[in-house]
Amino acid sequence: MKLTDNVLEIRDLVKDFPGVRAVNNVSFDIKRNTVHCLVGENGAGKSTLIKILTGASMRSGGKVLLNGEDYWAHNPKEAKQKGISTLFQELNVVDQLTVEENLTLGMEDTTFGFLRKTDKINKMVSVMNSLEPSINPRQKVSTLSVAKKQIVEIAKAVATESDIIIMDEPTAAISESEIARLFKIVKGLRDKNVTVIYISHRLDEIFELGDYVTVMRDGRHIDTKPVADIKDRSELIRMMIGKTVFEEYTPKEGACKDAILQVKNLSNHKLKDISFDVHEGEIVGFYGLVGAGKTELARAIYGIDDYEGEIIFKGRRLPPSPDKAIEAGIALVPEERRSQGLFTILTIRGNVPVMNMKKISINGFINSSQERKVTREYIDALRIATSSTEKEASKLSGGNQQKVVFAKCLFADAGLLMLDEPTRGIDVGAKSEIYGIIRRLSAEGKSIMIFSSELPEIMNICDSIYLLYDGSLKATMRNGCDIDSEKIIHIVTGGDVTSGDRPNATEYRGRGD
Amino acid sequence: MNVKSGKQESLRAQIDRADAARANIKNLYIYVILVLIVVVFSVVKLGQVEMFGRGHFLSPDSIVNLLRSAVPIMTLSGAFTLLMISGYIDLSVGSAMSLSAVVFAWLILNGFAFLPALLITVILGIAMGYLNGFLVMKLRITPVIATLVTLSIFKGIALLIVPDGLSAIKGSAERIMPAWINDYGRKDVILGLPWAFFVALAVIAVLVIVQKRTIVGKYAAAIGGNRTSAELSGINAVKWVWVLYVVVGLFAAFAGVARASYMSLGDPLSGDGMELDCIIAVLLGGTAFSGGEGSVAKTIIGALIIMCVTTGLMTVIPAFWQTVAKGSVLLFAVVLNHLLVREKVTA
Amino acid sequence: METKQRHTIGRSISNESFISIFMVGVLVVLFAVACAFVPNFYLPKNMINLITNNWFVIILGIGVTFLLITGNFDLSVGGTIALTGVLSAYFCQAANVSQNALANGLGLPYGVAVGLALLCAMGIGAINAFFIARLKIPSIIITLGTMMLARGIAQVITRGAQRNTSLPDVFGVLGNMSIQGTSIKVSVLIMILLVVLAFIFEKMTVSGRRTYLIGANPVAARLSGIKVGRHLTSLYLISALLAGITGILLASEFKAGVSSRASGYEFDALVISLLGGVSIAGGFGSVLGMFVGAVILSVVTSAATGLLLSPDWQFTLKGVVTFIAILAQRFALDRRKG
């Protein structure tokens, strides 16, 4: 096999989903033994591209050449065998085994089934040691920190002579000092004949680590350049967001209403001292990229995760449990609609009334006709595409499934709705329908908190915007005044908040305080 | 900064020491329990019997009896542990053992020599394990339900083989059960213990080694610990768990042979409750119910504890206390296991 | 956009109803086969017996089915029957009448004895609930333990035998009572009543609906405000109570509290629930299906008896029938979806 200059060549790659082209004729090269960064906003197509490389998804068109040869992986195992390893956020190690056992998993040398201590093991351990000598190969992986588990995974990929290691937001869950160590390791991988594809929204990391960077936007390839040729963050940001025209946002009229939710000094394993207010009838957006803490914030308020701090809702302390939150008047549209929001084996009618059964029952007995009527009302109001209330939820499209979850939460008559990634994976038509629904609800006096990693979404409908990065609230701004989207990206990718620039800007609190 | 790191250092040292202490408890508690049980039963009747004398818990007769009755669970629980480590369960082991006992006794009664009879029974055991593996791994029926179904079927077949009117396959006026049937499971070879006991010891030794030093043990832990990771690393989970089911069936057959040999008859109810004993042993031994962790050696100690409790209690309390005692032991083992083992978090 | 209600049989009935109807079809087929091959099977008396012989397993099946729908087992019900029966005898046996310890009880009035015995049954349910709902330990293990605990206590109280002496006359009334002028036992009537109530619960109450929700997606259930732990606790208490009622009735019928009563009934309850279409994956099943499953089981076992097969065939038959049912249901549902 001749070693080409480019370890990976992507040519006119296309990926279609029903109703949307997620990857649109993308072409670029990845040079061997470099750290090649991949950036782009949510929905830019990065994750789909990566899924094609890792075998989790099949391409619809175009070519991928690995080491000059046609590459196709039907599943992650095949991808790994062909030389592309991936480090996901869900760690892929067996906690109950030792480091050594994990390194050799699937590749043991055996005599009649007996595990042998061979050179192969020593080689792998030495690879591990060269990356991080403080890890004892005999210790159980469960005793390692997340950062060290990542290193074990990297060591395994290197020792199995992967050509490419894809790292997907690896720094989301590790501390600063561990990040520094990871960077050293990543840089060193170039000397070990490994190419790293590094996906991150933390632009500082791109500048520190990357040799090349590819920017994607709206499914298209925007540019691939050596990092050295990029002047500064702004240039990169401009490439990422281009000339995005946001829909006209109409500022709300009327006097400022009372605060319906007051969050004070909220902290937990992810969140750092967050404080803010939500006012009646307000649509508040929480914007941040992966790992910023959006879902953790929603979960803490809803009472699923523990926290320290105070949450006051409608003037009273909010008890930390979902059923009490719902009783008090908060409803959550969860991040994962299939596994958290819906009862997929039940019908639409089975799903909609769940959070407020009182309204369709008398003395504990369900009023079927009321139930059907209510379901039909919501199907009509939200324009859920179905001919019957009896359609199984699992058979609906993503957009319609999300509408069912919405219906569920709306039926709870909540005064405050929390929407976690409300339009993720939904086609454009359904998206704008959902935005219309949200605006209508706000007009009716409901308060809405949107947690999203899609900037246009936040910009279109939110009255106030809170920016999250790494568990902290970095800045707040009112929509309608001149919003500088570059500045926003700058902040949510870890940039410094210059004080005095904006009203109500929150100071960045360093770690270790 | 230095002061802070100094404080962090001593905090780290404290945490490490606590971890080490916890690890020590995790490894030693079971020996402590075993010793306690033995002591309690040795002491409890000291007013009436002499220490080490006749009727005492630690008298030679009593110990030999205990070890002889422990042969089936000793043979079986090691393989059971391996299966549990991979995250799967087999509730049919008791019936598989009974069926094996019945078949073995039938073969001996009908003229087969020991080794051929043993061989045939073992093949039956393998077949039973294969069936379980098929239902669970290929047809993907929940292990509990699948093995309850096979429990029913094996028990049924065992009952059907025994002719109507008899309670077991045994010798009669027309056809005598050859006396040498006892040679394996009952006859004194060394120190009063039969061949079956030493075979059980060998089985345990083999399985301990298998768990700690072979690919079977490692893969069982990998599959039980994180099946996705294991499969991503190229491990064929379906194949390996199927193998474990077969191994369990194999040793269930051995256990049945030992029991039939000991009792000189094939009792279709002889294995009843064996799955419960195995579960208690496994729980006491610190195996996680969701898989990934476990120890054959500790399960065996757990099995010994149950045998001591069962036989010891028989000398102290009337027979009708046995069930409630066993139920309490099970719940105790559950609580103990719950405190000791941190179950892996699923989603 | 108007929504239309489609009333075609093929689409608008739920999957549960589909499976129940499917199993009724299976029942009819099996029944026909039995009539063809078993002498004297086709007798009205026989057919009624098919339903009434199993009344105790059906009552147990109610609790077991609901718990299976949530993804949990309850194997303790057989032991609870024994315990409640024995306690109901012990509590109302005359005090201090005999040298024989087994003939002496606490001398309480029958009504009080029954009430106390049922409370103890619910105690078993409470133990189940604590370990399963609170500590989240797998239900298969816990209920095996409580099964032994319950039966074990019954054995201790009866010294491994039974308590059948010094009982007040009223003790034998409930279990042997028949409706005026008919031969339908009150127990059977209670069973039918409970099944009807259970069906209403399942189809028409909020609490019944919650059972399905918890089974279908426990995470979503919690996020939707359902108090999962509390609900499971209620189900385990109900299951224990149902077993307790059955125990009282059986003890009354046989005028004795027997420690070996109901051996294996928990397994039969599981079998009829599975035959009725319950999926252990959760969120799917019906007591009506369970009832059909009970009749199917009756047909199979009485056909076996009618064919002069020894009772030893029961185990094998139950296992095989369950297995075939699981596969058949899976097949039928797959065909329906695809």
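In this predicted model, the largest nonpolar core holds 369 residues, and A:M418, B:L76 and B:F251 touch the most other members. Helix α10 of chain B, residues 237-263, gives the most to this core, with 17 residues.

- Leaving aside residues up to four places away in sequence, A:M418 touches A:A298, A:I301, A:Y302, A:I330, A:L332, A:V333 and A:M449.

**Chain C as a whole**
- The secondary structure of chain C consists of 15 helices and two strands.
- A compact globule with 338 residues would have a radius of gyration near 20 Å, and the 21 Å of chain C agrees with this.
- The C-alpha trace of chain C spans about 80 × 55 × 35 Å along its principal axes.
- Buried residues make up 54% of the 338 residues of chain C.
- Among the contacts in chain C with a separation of 6 or more, 78% are between residues 24 or more positions apart.

**Helix α2 of chain C**
- Helix α2 of chain C covers residues 15-37, which is 23 residues, and at 1.5 Å a residue it should span 33 Å.
- The buried residues of α2(C) are C:N15, C:E16, C:I19, C:S20, C:F22, C:M23, C:V26 and C:A34.
- These buried residues are covered by elements including α13 (265-275), α14 (287-306) and α15 (313-337) of chain C.

**Residue C:F131**
- C:F131 lies in helix α6 of chain C, which runs over residues 110-134.
- C:F131 counts as buried because 23 other C-beta atoms lie within 10 Å, and the cut-off for buried is 20 or more.
- C:F131 touches C:I137 and C:I142 in its own chain and B:V334 in chain B, not counting residues up to four places away in sequence.
- C:T143 is 12 residues from C:F131 in sequence, and their C-alpha atoms are 9.4 Å apart in space.

**Where chains B and C touch**
- The contact involves 30 residues of chain B and 31 residues of chain C.
- On the side of chain B that touches chain C, the elements giving two or more residues are α5 (143-161), α11 (274-284) and α13 (322-340) of chain B.
- The most comes from α5(B), with 11 residues.
- By type, the residues on this side of chain B are 19 nonpolar, eight polar and three charged.

Conventions
Residues are numbered from 1 along each chain as its sequence is written. Chains are lettered from A and ligands numbered from 1 in the order in which they are written. This is a predicted model: local features need pLDDT of at least 70, side-chain atom pairs count only at pLDDT 80 or more; totals for chains, interfaces and linings use all residues. Helices (H or I, at least four residues) and strands (E, at least two) are DSSP runs, numbered from the N terminus. A residue is buried if 20 or more other C-beta atoms lie within 10 Å of its own, exposed if 12 or fewer, and partly exposed in between; C-beta atoms are placed from the backbone. Two residues are in contact if their C-beta atoms, placed from the backbone, lie within 7 Å. Ala, Val, Leu, Ile, Met, Phe, Trp, Tyr, Cys and Pro count as nonpolar, Asp, Glu, Lys and Arg as charged, and the others, Gly among them, as polar. A nonpolar core is a set of buried Ala, Val, Leu, Ile, Met, Phe, Trp, Tyr and Cys residues joined through C-beta atoms within 7 Å. The expected span of a helix is 1.5 Å times one less than its number of residues. The radius of gyration is taken over C-alpha atoms; the globule rule is 2.2 Å times the number of residues to the power 0.38.
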